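Subject: Structure for your review

Dear colleague,

Please find below the structure that I am handing over to you, together with its sequence. My notes on what was found in it follow directly after.

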Amino acid sequence: MTDQPPAAPRGAPPHAESAPVSITRHGTVAVVHIDHAPVNALSRGVRQGLVDAVRALDADASVSALVLSGGPGRFIAGADLKEMALPPDAPFLPEVVGAIDACSKPVVAALDGAALGGGCEIALACDLRLGSAKALVGLTETRLGIIPGAGGTQRLVRLVGVAQAIALVCEGRVLKAGEALALGLMDAVVEGDLLTEAIARAPAVAKRRLAALPVPVGDPAGEATAAAKALKGAKGVPAIAEAIRVIRASKDADFASGLALERAAFLALRESPEAKALRHLFLAEREAVKVPGLEGAKARSISSTAVIGAGTMGAGIAVALLDAGYPVILVERDVEAAQAGVARIDALYSRQVKSARIDEAHKAERLARLLPASDYAALAQADLIVEAAFEDMAVKIDIFRRLDKVAKQGAVLATNTSYLDLDAIAAATSRPEDVVGLHFFAPANIMKLLEVVKATHTAPDVLATALALAKRMGKQPVVAGNCDGFIGNRIYAVYRRHAEYLVEDGAAPEQVDAALEAFGFAMGIFAVSDMSGLDIAYAMRKRRAATRDPNERYVSIADTLVEAGRLGRKTNGGWYAYDANGTRTSDPAVTQIIAEARAAKGIQPRSFTPEEIQLRLLAVMANEGAKELAEGIALRASDIDLAFVNGYGFPRLKGGPMHAAEALGLATVLAEIKAAHTTGGAGSEPAELLAQLAAEGKTFADWLMA
């Protein structure tokens, strides 16, 4: 084997150590190595290095074949999304893919990991695709509000046909090695050393350009069904309709025309508000786990877990832990209550079996790791204990005092509180450094958000443990500081309060909900309140009553509903009336209660447009978020966005309340907040940070980097 110097990007010093693309020679086979940690994203340096390497090797008479390798466990995981937020910089991906396609020598892709998005497009431009069992293949661009833009749709459709291409692209499906092999996206799965096998096969590989293949004749009915299914699941993502249009057009156009059509659609979608919002959330997910002060902190080992409280929330948390592979001790006040908890968990798994998400064997395996108990002594060896009891400070303090006596040293003591003072709960123990908040969202085994709450004395390794736990459970963690309601519920309380102001001032609950659903929420706030139960917020308001600022406007309509026995869906009446099927309708009794509340305050009702409702409620959310940032309750604005998208139904295509506020313009939001302050009084004041950023023409990201 002889070595050739790395192919350096244009303008870079030759033999630069940081070059992300290099070449090694194995006889007449040249291996093009991509090494750009952590996932070989297609940064400018990678794109330039690939173009230069492929063109140089194509011109080298001593080279018979090329192998593209991303190294052990990798290939190319897709675009560098941070660069997508910057002005475009050549060479663009179509040039890279075009260079591979135009190469006169066979090119073999060695996929030892993720070949996603642009990485998949590069693999499809090669003549042979070999993968290890670790390979993952997929055109995932629609997840980011765009479509493939370097020939992905046009090459894929020539391999799998129109109907299958629509399904794969529109779902953004990621195929494991066996699935990719079965569909023809990979030519072989290699059991031994992948790179060695690729080098051995390369000289005998014949050129096979997918661009030269015809589109397979398909079944029009099947294609129509695939398109209809994709559009039904699109949830407003414009990229889905565009992907269908471009893939279908491949039947009636040559490859070059299809390529041009695809590229034009990609470029238009790339700058769309929806794509920017989805890119923002994608990057936010990666930033959320970067927590100052955790550098070098190592998560504690968790091999056994426990949940205290076997109600609806406790059962859901237990299922989330069981699904993550942990044994779970389920503790209740007595044997009967513990067995009732087991029955709830069994019912949750039965639903999964019925919907074919798991089979009976998996259900049995999980339930075998569940141990019901009614004695705290059963917790003595648990590494993680999650308290999920009633949301009452006295109850929680009593539990943590008892835990302090029985839990082993080093055990992580977590509370699922959604509002209460975490420092007060931690102070009930002699080890506040071991206490952390793990705020799950109902249903806990399904909802992705996990609010990880840091108390004053929470140890770095405990916080690191909580983040590692979230990853293992497949949750999206967001780290929050300690305050009433933390990140999400604190903002949600303001959001709900101002929605009630709108109703008292003249809007009907169904008008507010309709405006929110038109904005992109799956359900409006009053419908959500009915689903959750009005008694929950009622108890919270009563708890806060003694400390409520007398200058804060208070709407008593929801209290009147609760006191009339209208607790929401569970009583077939809340803000709405519900029939036996759970269908909601406006209720004249609620209209009367609202009218009486207005009359008691002398309020002359006025009308609101949907746009006015949307602006007011978005503004108050962003304003409270700005206060959280200034107070250090949230680390970054994007964390707030993640919390609301993953836990409160905020539309993903809007990117979260903070992103949506910036897209609208912080000056516009500030002006609306000043009006909201006039309406709401104390607690609705404009955030100083919002006012500062609006005056300076800056963003929340600018403030964070300052």
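Phe 486 is buried in this predicted model, because its relative accessible area is 1% and the limit for a buried residue is under 20%. Phe 486 is placed in the loop that runs between strand S18 (476-480) and helix H19 (488-505). Its backbone deserves a look as well: phi is near 55°, a positive value in a residue that is not glycine. As background, most residues other than glycine have a negative phi, and most peptide bonds are trans.

Asn 40 gives a second case of this kind, with a positive phi near 60° in a residue other than glycine. The loop that holds Asn 40 lies between strand S3 (29-34) and helix H1 (44-58). Asn 40 has 0% relative accessibility and therefore counts as buried.

The bond from Ala 90 to Pro 91 is cis, its omega being near 0°. Pro 91 belongs to the loop between helix H2 (81-84) and helix H3 (93-102). The other cis bond joins Ala 442 and Pro 443, with omega at about -10°. Pro 443 sits in the loop from strand S16 (435-440) to strand S17 (449-453).

Asp 80 is found in the loop between strand S4 (65-69) and H2. Its relative accessibility is 18%, and since buried means under 20%, Asp 80 counts as buried. Leaving out neighbours within four places in sequence, Asp 80 makes contact with Ala 41, Leu 42 and Ser 43.

With a relative accessible area of 27%, Lys 408 is partly exposed. Residues up to four places away in sequence aside, Lys 408 touches Ala 380, Gln 381, Ala 382, Asp 383 and Arg 431. From Lys 408 to Trp 703 the separation is 295 residues in sequence and 43 Å in space, taken from C-alpha to C-alpha.

I turn now to the helices. In helix H21 (residues 525-532), the residues Ile 525, Phe 526, Ala 527, Ser 529 and Asp 530 are buried. The elements that cover these buried residues include H19, helix H20 (509-519), helix H22 (534-544), strand S19 (577-578) and strand S20 (584-585). Just after H21 comes Gly 533, whose phi is positive at about 110°.

Two helix pairs may be of interest to you. Helix H25 (residues 610-631) and helix H28 (residues 666-680) have axes that come within 9 Å and cross at roughly 95°. Angles of 65 to 115 degrees count as roughly perpendicular, so H25 and H28 are roughly perpendicular to each other. On the H25 side the contact is made by Leu 615, Arg 616, Ala 619, Val 620, Ala 622 and Asn 623, and on the H28 side by Thr 668, Val 669, Glu 672, Ile 673, Ala 675, Ala 676 and Thr 679. Sorted by class, this contact of H25 with H28 has 8 nonpolar, 3 polar and 2 charged residues.

The other pair is helix H5 (residues 152-160) with helix H11 (residues 255-270), which pack at an angle of about 130° with their axes 8 Å apart. H5 is therefore oblique to H11. Gly 152, Thr 153, Gln 154, Arg 155 and Arg 158 of H5 meet Phe 255, Gly 258, Leu 259 and Glu 262 of H11. The classes in this contact of H5 with H11 are 2 nonpolar, 4 polar and 3 charged residues.

Finally, there is the second largest pocket, which holds about 530 Å³ of space. Its lining is made up of 19 residues, and those nearest its centre are Ala 493, Val 494, Arg 497, Arg 544 and Glu 552. H19 and H22 are the elements that give two or more residues to the lining of this pocket. H19 gives the most, with 7 residues. Which classes of residue form the lining of the second largest pocket? The lining divides into 6 nonpolar, 2 polar and 11 charged residues.

With kind regards

Conventions
Residues numbered from 1 in each chain as written. Predicted model: local features only at pLDDT ≥ 70, side-chain atom pairs only at ≥ 80, totals over all residues. Heavy atoms only, no water. Helix = DSSP H or I, 4+ residues; strand = E, 2+ residues; numbered from the N terminus. Buried < 20%, exposed > 50% of the residue type's maximum accessible area, 1.4 Å probe, protein only. Contact = heavy atoms within 4.5 Å. Axes fitted to C-alpha atoms, helices over the stretch in contact; angles between N-to-C directions. Parallel < 35°, antiparallel > 145°, perpendicular 65-115°, else oblique. Nonpolar A, V, L, I, M, F, W, Y, C, P; charged D, E, K, R; others polar. 1 Å grid on protein atoms, 1.4 Å probe; cavity = no way out; pocket = protein on both sides within 12 Å on 5 of 7 lines; lining within 4 Å. Points joined across faces, edges and corners; volume = space filled by probe spheres on them.
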